[in-house]
Amino acid sequence: MSKIVSIHSFRGGTGKSNITANMAVTIAHHGHRVGIIDTDIQSPGIHVLFGLDEEKMDRTLNDYLWGKYAIEETAYDVSDQVGETTVMDSRVYLIPCSLQPGEIAKVLREGYDVGLLNDGFRALIGKLNLDYLFIDTHPGLNEETLLSIAISDALVIILRPDQQDYQGTAVTLDVAKKLGVPEIHLLVNKVLASLDFGEVRARVEKTFDVPVLAVLPLNAEMVQLGSAGVFCLRYPNHPFTHAIEEIAQALVDRPAGEIEL
Amino acid sequence: MPNGLFERLQDEIEARDRREGIGPVDVLALPKDLRGLIQRIMRRGQVSAAELVQELKSPEEAIEALLQSLVEKGYLARVPETTPLRYKVALGRRRTRQIPTGIWSALADKVEEEG
């Protein structure tokens with residue numbers, strides 16, 4: 001059964017898109033077919049990590065929402081850019097949002113059919129034969145993030161060790177539990193090396209009563225890379241990459257399940 | 001279906017006004033039992049009455065009546081050209097925002113330019 005994983009944070013700047021890209025690529029390297037869809041219509045960006053040139057992106061999620069293309073036609077096969085795969089048939093597809101100001105304004109002005117977006121998630125899984133669909137979301141609570149949370153098999157909430165993030169995470173968790181997400185994880189990112197990571201994990205788990213997938217350090221190499229590529233491909237032996245490997249394994253080990261009424 | 005759940009669901013549905021589709025925000029505001037049912041269908045994408053009969057362990061007539069009520073209230077839609085008939089959550093249109101018109105005029109040229 002395919003698994004839909006939403007990556008979310010209440011606040012911006014937590015590292016959501018970078019972590020989404022790295023997790024997706026790592027899972028693909030284990031022999032899976034992975035899709036990544038950017039639903040951050042207001043501020044898209046994950047396509048940059050995969051080297052997609054906005055000028056050459058002639059088909060985006062926006063075009064699907066306006067009925068110009070089927071959703072699978074807006075998927076870019078970026079497998080060649082993510083290095084060799086360990087098993088044949090593993091692929092990485094990216095469905096970007098448009099970065100054109102007019103397109104963004106059009107969505108804000110006219111809205112779109114939310115049902116169409118929901119149908120699109122499932123169509124992608126079927127048409128591209130995906131094992132995993134990662135949904136990169138806009139920070140905070142809005143229609144797109146609520147929809148992605150509502151239909152996801154797993155939700156990964158990313159937070160920094162920051163009071164604003166803690167408060168926002170509590171809000172998101174409340175919503176996620178109300179929406180019955182079967183699998184919820186926390187991921188603490190950008191943690192100063194001077195902090196005791198074990199203590200950070202224990203405190204967050206106790207505060208929210210939700211398992212912490214990983215505590216990731218503030219990563220100078222990641223800052224230097226500046227979204228110019230997927231980190232784990234540039235730094236395959238970095239501790240961050242090893243941590244992403246463990247996170248990916250944890251997601252893979254738990255198959256998609258059913259909710260209870 | 002647990003004792004009383006079907007009755008509670010019917011009561012919750014009857015108490016709601018008819019609407020033209022719902023949004024994810026609206027789902028959050030639903031009473032617990034109705035929210036759970038809508039969530040189940042949303043997460044599955046589409047369901048048939050027979051599938052719900054099996055999952056909720058309820059009589060077919062009761063499930064059919066429930067689905068009919070939800071369609072009449074605008075929460076579910078029938079999926080056309082499906083046999084057996086399938087239902088999906090009738091997600092409405094994303095609401096637009098009220099922002100200063102000056103922004104639209106600033107972007108209007110860009111939209112026209114892009115065709």
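This is a predicted model: local features need pLDDT of at least 70, side-chain atom pairs count only at pLDDT 80 or more; totals for chains, interfaces and linings use all residues.

Start by selecting residues 197–208 of chain A: this is helix 8, and it lies across strand 6, strand 7 and strand 8 of chain A.

Next, pick residues 239–253 of chain A. That's helix 11, which lies across strand 1 (3–8), strand 5 (132–136), strand 6, strand 7 and strand 8 of chain A. Its angle to strand 8 of chain A is about 170°.

Now for the sheet itself. Eight strands of chain A make an open sheet in the order 3-4-2-5-1-6-7-8, with mixed pairing. At its edges sit strand 3 (76–77) and strand 8 (212–217) of chain A, each pairing on one side only. Strands in a sheet pair through backbone hydrogen bonds, either parallel or antiparallel. Zoom in on residues 154–159 and 183–191 of chain A: strands 6 and 7 run parallel here, joined by six bridges. Click Leu159(A), and you'll find Val188(A) of strand 7 opposite.

Time to bring in chain B. The contact takes 37 residues from chain A and 30 residues from chain B, and about 3100 Å² is buried between the two chains. How many salt bridges are there between chain A and chain B? The count is one: show the side chains of Lys88(B) and Asp119(A), which meet at 3.1 Å, N to O. Finish by coloring helix 4 (101–110), helix 5 (114–127), helix 6 (143–151) and helix 7 (163–178) of chain A, the elements that each give two or more residues to the side touching chain B.

Notes
Residues are numbered from 1 along each chain as its sequence is written. Chains are lettered from A and ligands numbered from 1 in the order in which they are written. Side-chain values use heavy atoms; hydrogens and water are left out. Two strands pair if DSSP finds at least two bridges between them. Helices (H or I, at least four residues) and strands (E, at least two) are DSSP runs, numbered from the N terminus. Contact means heavy atoms within 4.5 Å. Axes are lines fitted to C-alpha atoms, for helices over the stretch in contact, and angles run from 0 to 180 degrees between N-to-C directions. Buried area is the accessible area (1.4 Å probe) that two parts lose on being put together, summed over both. A salt bridge is a side-chain nitrogen of Lys or Arg within 4 Å of a carboxyl oxygen of Asp or Glu.
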